[in-house]
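Please open the structure in your viewer and keep the selection panel at hand. The tour goes from one selection to the next and says what is there.

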Amino acid sequence: MKSLLPPIVVLPEPLTPCKGGPAFSEIEDAAGLAGQAAGALDRLSAFGGPQLREASLRAALAPLERLESLLGGQPGSSGEEFAAKSLVQQYFRIRTADLDSAQASAQAIGILVRSLDDLRSAPLAGASTTRETAAIRQVLIDQGAPGDAASVDGSGSPGGELPEQTSQHWFSRWISAHQLHALFNVHAALAIGRAVENLHDHDVATATAHIRRATVYVNGFSAARAHALALPSWFYNDVLRPSMAPPMTSAPLSGRMHLEYKAYRSQMSRLLTEVPLDIRELADAEPDLAFAREALLEADLLDCENHVCLVEPVVGHTKSLIQNASSRDHALSVLRAIRDRRAAGVRAFVRGGRLPAAEAEER
């Protein structure tokens with residue numbers, strides 16, 4: 001099974017922007033190839049049937065594979081040289097380190113290539129495909145790809161036969177899609193951090209643009225999670241779930257160990273501390289910022305809700321890995337409670353903020 005696992009990936013520290021200029025500026029043809037892929041993703045057909053979907057994905061994948069080959073000749077960082085900072089990093093083959101722009105791009109392109117290649121055979125809904133590929137496109141734009149690339153042939157190069165879906169491929173998908181999820185977490189955290197810095201400097205327009213970038217990534221969170229779970233429930237329960245608990249790991253894995261996601265959450269808290277006005281007050285002074293912040297918070301809340309919907313068909317009402325037999329809750333009830341707390345916390349910042357059901361009944 002290890003032969004099909006993705007390599008260890010090294011992501012930038014989520015609270016520390018990479019050093020250096022645009023990643024593709026010093027590599028001939030790199031920006032053009034990234035722009036071709038970004039343009040193909042912008043025109044991707046997620047609802048046009050399997051043949052058109054495959055052609056669209058190949059149109060994006062072909063230039064990215066060439067770009068990966070180009071970047072492979074550049075000095076980079078191997079994941080083997082870095083220690084994992086959590087059990088989740090160890091399990092999902094993720095590391096974080098201070099990287100420059102070129103190193104970060106080389107790592108990111110590898111993740112994007114593997115994700116798009118697997119997306120060709122993953123049974124993912126059109127809406128999830130659209131949001132995942134939009135976030136992948138945003139990674140390319142943020143790495144220096146031109147956002148207005150000239151039109152390219154939409155057919156892409158002929159793809160190889162889609163692999164038979166086996167346990168090995170499902171395990172690889174589980175790992176690689178979580179690596180993509182972590183990449184989106186890091187980019188969202190960095191974008192929100194830059195927005196907060198801009199707000200400190202009273203540059204509202206630039207801060208608003210960064211918040212909008214972050215929203216694209218947050219919309220990609222649940223899509224990447226859906227990609228990871230595009231596998232049979234029996235495989236999750238019989239293979240994946242036992243692999244995340246002793247004796248296969250030193251302790252049961254939990255969401256609290258996802259350091260990249262925790263960094264994103266800390267940046268969300270910073271943003272709300274920096275801009276504490278409710279939506280009416282903020283819209284009176286800075287309407288673009290108010291509605292951009294609202295869209296980000298709505299995307300964050302939808303991610304919570306989608307998490308519940310994705311997990312329910314897989315685990316039902318079983319307990320999470322970190323719950324014991326005496327716990328009154330189960331995995332879904334904990335996720336619902338998180339959703340309710342988050343909805344209550346952002347009620348003042350969104351239009352039509354709904355009360356959690358229990359509180360609404362009390363009133």
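**A tour by selection**

Select threonine 129, which counts as buried because its relative accessibility is 0% (buried means under 20% relative accessible area, exposed over 50%, and partly exposed in between, with a 1.4 Å probe and protein chains only). This is a predicted model, in which local features need pLDDT of at least 70 and side-chain atom pairs count only at pLDDT 80 or more, while totals for chains, interfaces and linings use all residues. Residues are numbered from 1 along each chain as its sequence is written, and side-chain values use heavy atoms, with hydrogens and water left out.

Threonine 129 is found in helix α5, residues 126-142 (helices are DSSP runs of H or I with at least four residues, numbered from the N terminus).

Arginine 213 counts as buried at 15% relative accessibility, whereas aspartate 142 is partly exposed at 29%.

Next, select glutamate 294 and arginine 351, a salt bridge with its closest N and O atoms 2.6 Å apart. Glutamate 294 lies in helix α11 (residues 287-315) and arginine 351 in the loop between α12 (331-345) and α13 (357-362), so the pair ties together parts 57 residues apart in sequence. Here glutamate 294 is buried, at 5% relative accessibility, and arginine 351 is exposed, at 54%.

Notes
Helix = DSSP H or I, 4+ residues; strand = E, 2+ residues; numbered from the N terminus. Salt bridge = Lys/Arg side-chain N within 4 Å of Asp/Glu carboxyl O.
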